[in-house]
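Subject: A structure for you to look at

Hi there,

I am passing on the structure we talked about, and below it you will find some notes on what turned up. Please open it and keep it beside you as you read.

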Amino acid sequence: RFLKMEEFFPESFRLDLEDERNAFFELYKGEQIWICKPSCSNQGQGIFLLKTPAAMTTLQARLRSAEEHLLGRRVPYKAPPARIVQRYIHQPLLLEGKKFDVRSYLLIACTAPYVLFFAQGYVRLTCVNYDAASDDLTVHLTNQYVQKKNSLYSQLKDETVWQMEHFNSYVNEKFRTTHGLPEDWVLTVFTERMQQIMLQCFLAAKHKLDRKLGYFDLIGCDFLIDENFKVWLLEMNANPALHTNCRVLRDIIPAVVCESL
C-alpha cells in the first residue's frame with residue numbers, strides 16, 4: 001500500500017519555490033519550532049532553528065536580499081543552494097534522556113534492472129539531555145560532525161553511537177511493557193517500516209534516475225521515532241558519512257562499504 005506523505009514525513013516547504021514559501025509564511029506561528037536546512041549539504045552545515053517571530057523576520061529578509069541580488073546581476077549567476085523548512089518533531093522518543101535518530105542504508109545496486117538492498121545502520125545520540133527550548137544545536141542535531149562541537153564529545157563519543165542490537169535490547173527492557181510493543185520491535189516492526197518508507201521514496205523518484213548498467217548509489221536514510229513510536233523519515237543523504245571515529249562505527253561502516261561493493 002502506498003503511504004500518504006503525512007504518515008511518515010514531517011510537513012516541509014521548499015523556500016526556493018514562491019508558492020511553497022508563501023504558504024509557509026502564512027502557516028508559521030511564533031510558538032512553533034521549524035528546522036531550516038540546505039537541500040544539498042551534509043554534516044549539519046547551514047542548519048538553524050526557527051523558534052521566534054524575530055528569526056522568521058530575519059529569514060524573510062535574507063531571502064528577499066538574495067532575490068534582489070540575483071535580479072540585479074546582468075551576468076550569469078549561480079543561485080544559492082535551495083533550502084527547505086521542516087516542522088520540528090519536538091516530542092521525540094528519548095534514550096537515557098537524550099535525543100536520537102537512526103541512520104540506515106538503501107543501496108541502489110543497479111538501475112538496469114532495478115536492484116535494491118537494505119542495511120541496518122546504527123543509532124546516533126546527542127551528548128547532552130534533550131531540551132526543546134535549548135538554542136544549542138548539539139541538543140537537536142545528532143550527527144557526529146555537530147556533536148564534535150560539544151565540549152563533552154571527546155569523553156562521550158563512544159556513547160553517542162549504539163548498535164541496533166543494543167537499541168533493540170533497550171526498547172525491550174524500557175518500553176515494551178509500558179507501550180504494549182511486540183518483542184524485538186526494533187528488529188521487526190521498526191525495520192519493516194523503514195524498508196516500506198525507503199521503497200516508496202525510491203518508487204517516487206526512480207523515473208529521475210539514469211538507467212545504465214554500472215550505475216549505483218549508497219543512500220543514508222535518517223529516521224526519528226517520536227514518543228508515540230511513530231516513525232518519521234527526516235531526510236535521505238546521497239553522500240552519507242563513512243567515518244569510523246568511534247568504536248561502533250569501526251564495526252559497522254567497513255561492513256557496509258564491503259557489502260555494497
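This is a predicted model: local features need pLDDT of at least 70, side-chain atom pairs count only at pLDDT 80 or more; totals for chains, interfaces and linings use all residues.

Residues are numbered from 1 along each chain as its sequence is written, and side-chain values use heavy atoms, leaving out hydrogens and water.

**The whole chain**

There are nine helices and ten strands in the chain (DSSP runs numbered from the N terminus: H or I of at least four residues for helices, E of at least two for strands). Of its 261 residues, 42% count as buried. Along the principal axes, the C-alpha trace spans about 60 × 50 × 40 Å.

**The core**

The largest nonpolar core holds 33 residues (a set of buried Ala, Val, Leu, Ile, Met, Phe, Trp, Tyr and Cys residues joined through side-chain atoms within 4.5 Å). Leu 95, Phe 100 and Phe 167 are among those with the most contacts inside it. Elements giving two or more residues to this core include β6 (98-111), β7 (114-125) and α8 (186-205). The largest share, seven residues, comes from α8. Leaving aside neighbours within four places in sequence, Phe 167 is in contact (heavy atoms within 4.5 Å) with residues including Leu 95, Trp 162 and Phe 190.

**Backbone details**

Most residues other than glycine have a negative phi, and most peptide bonds are trans. Asp 184, in the loop between α7 (176-179) and α8, has a positive phi near 60 degrees. Glu 96 has a positive phi too, near 55 degrees, and sits in the loop between β5 (94-95) and β6. The peptide bond from Ala 112 to Pro 113 is cis, with omega near 0 degrees; Pro 113 lies in the loop between β6 and β7.

**One more loop**

Asp 131 belongs to the loop between β7 and α3 (137-140). Its relative accessibility is 40%, so Asp 131 counts as partly exposed. Not counting residues up to four places away in sequence, Asp 131 touches Val 139 and His 140.

Methods: Buried means under 20% relative accessible area, exposed over 50%, partly exposed in between (1.4 Å probe, protein chains only).
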